[in-house]
Amino acid sequence: MRRAFTSVIGCSKSDQLAEELRRQEARACHPPEGAYRDLERLSADDSLGVLTNGVPEWQRYKLREHDLEQYFDAIVASYEAGAHKPNAAPYRAAERRLPADTYAMIGDDEADTDGARNVGWTAYRYDGGGFGDVPVVLDRE
């Protein structure tokens, strides 16, 4: 973003503009109702991670701004893995950062769930309604 603002002729405040854009994006994003309760429940028995195609610093900023970072044991951005979902590289990077016997992806688009299935993970398509049925979908009690 800073490079984009810097490239605008006459723009002398690229750092301030990029920071304001990041703040506005974080303000525009809101966790779904019940997200904190669901994440608390899910993180009690399992390690959780974020696997995002977003810009790493911006995604971490949004998690911090909404007090969500505390629920996650690993945050992996596709930029750090060298490829975006559904490519296998981000999933493999997540496995290295968060070793486990099995993996599941709760994703909000086809790239998330298709990529997860392609690497052998269980995949659940999140519809915005909460995570209440996730343990059932993951064959959990």
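The part to look at is helix H6: which of its residues are buried, and what covers them?

Reply: This is a predicted model, in which local features need pLDDT of at least 70 and side-chain atom pairs count only at pLDDT 80 or more, while totals for chains, interfaces and linings use all residues. Residues are numbered from 1 along each chain as its sequence is written, and side-chain values use heavy atoms, with hydrogens and water left out.

First, the setting. The protein chain has eight helices and four strands; helices (H or I, at least four residues) and strands (E, at least two) are DSSP runs, numbered from the N terminus. From that end, the order of elements is α-α-α-β-α-β-α-α-β-α-β-α. The chain has 141 residues, and 38% of them are buried. Buried means under 20% relative accessible area, exposed means over 50%, and partly exposed lies in between (1.4 Å probe, protein chains only).

Now the helix. H6 runs over residues 88–97, and its buried residues are Pro90, Tyr91, Ala93, Ala94 and Glu95. Their cover includes three strands, E1 (49–52), E2 (74–77) and E3 (104–107). Helices H5 (78–81) and H7 (110–118) are also part of this cover. Contact means heavy atoms within 4.5 Å. In the chain, 52% of the contacts with a separation of 6 or more are between residues 24 or more positions apart.

At the start of H6, a side-chain oxygen of Asn87 comes to within 2.7 Å of the backbone nitrogen of Ala89. This is a polar contact (a pair of N or O atoms within 3.5 Å; within protein, one must be able to donate a hydrogen and the other to accept it, and residues adjacent in sequence count only if both atoms are side-chain atoms).

Rings of Phe, Tyr and Trp (its six-membered ring) pair if their centres lie within 6.5 Å; planes under 30 degrees apart count as stacked, over 60 as edge-to-face and the rest as tilted. The whole structure holds three aromatic pairs. Tyr36 and Tyr71 form a tilted pair, 6.4 Å centre to centre with 55° between the planes. Tyr36 belongs to helix H3 (residues 35–45) and Tyr71 to the loop between H4 and E2, so this pair links parts of the chain 35 residues apart. Tyr36 is partly exposed because its relative accessibility is 33%, whereas Tyr71, with a relative accessible area of 8%, is buried.

Trp121 lies in the loop between H7 and strand E4 (122–125) and Tyr91 in H6, so the pair ties together parts that are 30 residues apart in sequence. Both Tyr91 and Trp121 are buried.

Gln59 is in helix H4 (residues 56–65) and counts as buried because its relative accessible area is 19%. The side chains of Gln59 and Lys62 are joined by a polar contact of 2.8 Å. Leaving out residues up to four places away in sequence, Gln59 touches Glu25, Thr52 and Gly54.
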